[in-house]
Amino acid sequence: MFMKKITHLKEAFLEFLMVCKFCTKNKKYWNSYKSKGTYIYIAHTFPSMFEMLFSEMLFCKGMECISKYNFIALSSRREISFKKICKSFYIEPFFINRFSIKLYAKVFKETLKMRSQITNGRDLLRYKYRKILIGPSVYDSILLNIGRCTYEGERNFKTFRVFFKSILLVEQLTNIFSQKPPSLCIVMEEAYEAEIYRRVAKAYGARIIWISQMLKEYVDQNGNVTTFYDNILKREIGEKLEKVQQEGIYTSEVERQLNNYYQKGDIGDIKGRVLSGAAVKDKVTKTKEEMIKEINLDPNKKNIFIFSHCMTDGPHACYNLLYQDYFVWLKRTLEIARRVKSVNWIVKLHPDRFKRVGQEKIDTQKIIDECEKSNNIYIYPDEYSLLSVKMLADAVVTARGKVGEEMSCYGIPVITAGSPCYSVWGYTHTFDTAEEYEKCLFDIDKIERLDASKIDLAKKIFYAHSLSTYEIMNDDIGKEIKKATQERKEGTISYRIINIKFLKKMLSGKIFAKMRKSHIYMAGKKYAERTETAV
């Protein structure tokens, strides 16, 4: 333990020195502009993850050269590195978590009231504070921070703390936005704390964008500001369909992308999607006959795959999930599967479950144990590839996974328990109620493969999805940001410190000098030009 503390202190010291060196050099590249009375906010919800903050800074500087707005970077944690980096770009840092006895007393009282109103997970999902729906964000934060698969109204210090922090955040943002109304709010993720930033900013009329490997504007198909990522994709995919039809290359492109993904494990070739490398890398491909024998399936029955989700990974970031959360959906689906003996049910567990700890790991193991007791439910071996799924599956069941979009291109029917972006075009089995979904499962042995017209439509949607992505990470700077972000996802870089390797790369002359020519910076310029009259 002592040596770990020494190592951490050494890392923190090296980080601070590198940040100081970077900021000293960075200040020479930028200017401070006199700003208009229009406020653009950056919601910095990933503490210490400088490589992600860097993309927001560059985007804002691109906007600034067109429109001299006031840029304010918000953070709920006081970090000297965050402050120094923002100032080196001449962007104002603001720590929202400022202690006030009066405010904390009010929030404590409101938290007690909130806890008395919430007795189960459904209550929490409907919870509003200041007429702003924050329940889904609180729910997802509880799952992530406590490591639970589901929430059923537990009352303990950890959940109380999440309640308190969420209400406090609404109060603090309300205070900030009421004095300086936001015209634009830039978020760094899709769920958890960022969801509260989005919803409060939306209540004050702000436009919302998300910068990651892509630039996404949170506006739905009707032009309204939305907090749901799926709505953005539906709009963008719809806008690209005519272009897809005219180009006529979608069939070959879809086959190429899926082939590279399923056979070679090439994640980057699937454009427009954030995927798990563990799902495809270093996997074994088996023939249908080999899998039937090795998994011990009944060769006379259809094979139905159930693709589970990562239980704590923001189940409410997208809308219209028919069940309370992914865990409740999976449990109910398996209950029905035990009763439907006419097919083989094969459960494909999410690869990211190995990264999870606490109750999620325990609950997932319970599901595995229950499946192994059943005579018609099987666990798909982790070492088998998704290409093998394509050869074996007669149908796929998912809450709203990306796999549904992929398998539809092969003619495999997909049943969803939600409304993913690809489901609105009619080639999937998607329902308005859980009862309709469950009825479909009871009759699943009668389900037919997609006909040629639906397969063609599925490929168009898949390709339009890739075109809907405005790639801003295809240059040297973008690649370094993506690389550093991926290292964090894979656990090779600590979440506690800034990626020093990334800072060293940025300080090298070849990359550092390219900031004003980077795709991210240029995207900021284009966005400002396009929205100058709207903001």
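A search of the whole structure, which is a predicted model, finds zero of them.

Remember the cut-off: a disulfide needs two cysteine sulfur atoms within 2.5 Å. Cys440 is in no disulfide either. For Cys440, the nearest cysteine sulfur belongs to Cys371, 19 Å away.

Now, are these two cysteines buried or exposed? Cys65 has 26% relative accessibility, so Cys65 counts as partly exposed. Cys440 has a relative accessible area of 15%, so Cys440 is buried. The cut-off for buried is under 20%.

Next, the backbone. Two tyrosines to look at, Tyr90 and Tyr192.

Start with Tyr90. Its phi is positive, about 60 degrees, and Tyr90 is not a glycine. Where is Tyr90? Look in the loop that runs between α3, residues 80–88, and β3, residues 92–95. Tyr90 has a relative accessible area of 34%, which means partly exposed.

Then Tyr192. Again no glycine, and again a positive phi of about 60 degrees. Is Tyr192 buried or exposed? Buried, because its relative accessible area is 12%.

To recap. Zero disulfides turn up in the search. Cys65 is partly exposed, and Cys440 is buried. Tyr90 is a partly exposed loop residue.

Terms used:
Residues numbered from 1 in each chain as written. Predicted model: local features only at pLDDT ≥ 70, side-chain atom pairs only at ≥ 80, totals over all residues. Heavy atoms only, no water. Buried < 20%, exposed > 50% of the residue type's maximum accessible area, 1.4 Å probe, protein only. Helix = DSSP H or I, 4+ residues; strand = E, 2+ residues; numbered from the N terminus.
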